[in-house]
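Visitor: Could you walk me through this one, and tell me how you know each thing you say?

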Amino acid sequence: MPAGPRAMVFALVILLLPPLVRAAELNDTPPSTERASMDTGVPSPGIPRGQGEHCVADTQFMRRNHMTLLMHQRDETVRLGVRGNQYSLQECINCHVVEDAEARPVTITNPQHFCRSCHDYAAVKIDCFECHASRPQAELVAGVLEE
Amino acid sequence: MSGNTNKLDAPTGFDPVRRKFLSAVTAATGVALAPGVMLYGITRPSPATANVANEAVANAARWGMLIDVGRCADGCDACVSACVEENGLEGHGRPATDAQWIRKVEIRNPSTGRRQSLPVMCQHCAEPPCVDVCPTGASFKRADGIVLVDKHRCIGCRYCMMACPYKARSFIAEDLEDQKPHAPRGKGTVEGCTLCVHRVDAGRQPACVEACGDSGGGAMLFGDLQDPQSEISRRVASHATRQIRADLGLDPGVRYQNL
């Protein structure tokens with residue numbers, strides 16, 4: 001059996017191994033918040049925690065795909081009248097509340113706001129809150145505080 | 001001679017027969033394409049079909065309103081304040097530019113001096129001119145006849161405001177905060193009466209109709225114009241009702257009685 005092909009496959013595996021391992025490592029690396037605590041010198045966006053037990057989907061999935069979920073669903077809701085879908089900007093706002101010193105929920109004008117904290121960090125401009133409320137309604141907030 | 005006149009008349013103005021024919025041709029094309037569409041639907045089921053309770057609105061209903069002007073009291077603005085409250089339309093104290101989804105109009109017959117007062121809002125036309133002129137597709141009519149602005153697509157050109165013969169739309173020129181979650185509205189977009197679409201989707205009545213029944217004269221009736229058993233259909237069938245500017249051929253979903 002000629003050694004040529006087998007040697008080539010072996011060389012290929014050797015060449016490809018380091019990048020593959022590195023990619024796997026990157027996937028396992030904790031997200032930027034925790035990464036900062038490992039003192040890498042990289043500034044952290046300091047993402048605040050939501051109020052519930054867990055998000056509607058896995059955190060990593062939401063970080064990458066929340067915009068797609070919202071974009072897809074907004075057309076269904078506005079144009080087709082489909083209501084009560086799993087993903088809802090309203091629910092994001094109700095759960096991811098950040099309160100100021102007087103225990104009042106902050107609006108998007110505050111850099112501590114859940115959406116803004118990360119969007120400022122990533123330098124991605126969003127226009128959701130030009131029309132949508134960026135904090136829960138007063139009566140909803142009162143309900144949350146009573147519980 | 002008469003044949004000639006018809007030919008000359010044909011290209012001018014709006015021709016409902018021609019439009020119906022074109023719609024029918026489009027529908028037939030849609031049926032012909034249906035098998036391909038079905039295949040696509042099977043490979044990628046949408047969330048809309050996954051949940052039965054979450055289905056898209058169908059054209060089985062055509063929502064409309066009947067307003068008995070005889071029971072609408074001069075000076076009563078229960079419907080207007082209910083709309084402001086429901087949709088968070090608090091203005092800046094500038095009536096000329098503040099948003100107005102529904103307003104009370106006083107009319108007077110100059111020859112008899114008879115005065116009447118009636119609410120006017122988006123008439124939810126079957127052939128809405130605002131939808132015809134919208135350059136981005138933001139202005140649209142839902143399958144159940146409710147005419148809305150998709151603010152995700154609105155560029156604030158205000159062409160629809162010019163096209164609407166009922167002056168039903170408003171433009172928002174200032175930044176807003178803490179809007180109602182069910183009625184998002186923001187600077188640079190046009191808005192108008194939504195027939196309280198969030199309430200309709202939940203099986204409730206529009207806020208103005210509810211308020212008119214509670215604290216007004218009970219002049220407003222909301223219902224499905226397409227369902228022969230609904231109260232609105234029976235009232236429309238048995239009483240003389242009018243559409244405002246019916247001569248325009250827009251077939252508004254809002255009808256008036258005793259006007």
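Predicted model: local features only at pLDDT ≥ 70, side-chain atom pairs only at ≥ 80, totals over all residues.

Visitor: How many residues does each chain bring to the contact between A and B?

Guide: Chain A brings 17 residues and chain B brings 21. On the chain A side, helix 3 (residues 59-80) gives the most, with 5 residues. That side divides into 5 nonpolar, 7 polar and 5 charged residues.

Visitor: On to chain B. What does its secondary structure come to?

Guide: Chain B has 9 helices and 10 strands. Of its 259 residues, 31% are buried.

Visitor: What makes a residue "buried"?

Guide: The cut-off is 20 or more other C-beta atoms within 10 Å of its own. In strand 1 of chain B, 6 of the 6 residues are buried, so each of them meets that cut-off and the strand counts as mostly covered.

Visitor: Which residues of strand 1 of chain B point which way?

Guide: B:Trp63, B:Met65 and B:Ile67 point one way, B:Gly64, B:Leu66 and B:Asp68 the other, and all are buried. Side chains in a regular strand alternate between the two faces of the sheet.

Visitor: How do you know that strand 1 of chain B pairs with strand 8 and strand 10?

Guide: Pairing takes at least two bridges. Strand 1 of chain B has 5 bridges to strand 8, so this counts as a pair, and the two run antiparallel. There are 4 bridges to strand 10 (residues 254-257) of chain B, so that is a pair too, this time parallel. B:Ile67 stands opposite B:Met220 in strand 8 and opposite B:Tyr256 in strand 10. B:Met65 has B:Val254 of strand 10 as its bridge partner.

Visitor: Why are strand 8 and strand 9 of chain B called edge strands?

Guide: The open sheet has 4 strands in the order 8-1-10-9, with mixed pairing. Strand 8 and strand 9 (241-242) of chain B each pair on one side only, which is what makes them the edges.

Visitor: What makes strand 2 and strand 3 of chain B a pair?

Guide: They share 7 bridges in the antiparallel sense, and the cut-off is at least two, so they pair. B:Lys104 stands opposite B:Pro119 in strand 3. Their hairpin has 6 residues between the strands, and B:Gly113 there takes a positive phi near 80°.

Visitor: How do you know that the buried residues of helix 4 of chain B sit on the same side?

Guide: The buried residues of helix 4 (residues 78-87) of chain B are B:Ala78, B:Cys79, B:Ala82, B:Cys83, B:Glu86 and B:Asn87. They cover an arc of only 135° around the axis, so they lie on the same side of that helix. Their cover includes strand 2, strand 3, helix 8 and strand 8 of chain B. Just after helix 4, B:Gly88 has a positive phi of about 65°.

Visitor: And what covers the buried residues of helix 8 of chain B?

Guide: Helix 4, strand 2, strand 3 and strand 8 of chain B are included in that cover. The buried residues of helix 8 are B:Cys208, B:Val209, B:Glu210, B:Ala211 and B:Cys212.

Conventions
Residues numbered from 1 in each chain as written. Chains lettered and ligands numbered in written order. Buried ≥ 20, exposed ≤ 12 C-beta atoms within 10 Å, placed from the backbone. Arc of directions from axis to C-beta. Contact = placed C-beta atoms within 7 Å. Nonpolar A, V, L, I, M, F, W, Y, C, P; charged D, E, K, R; others polar.
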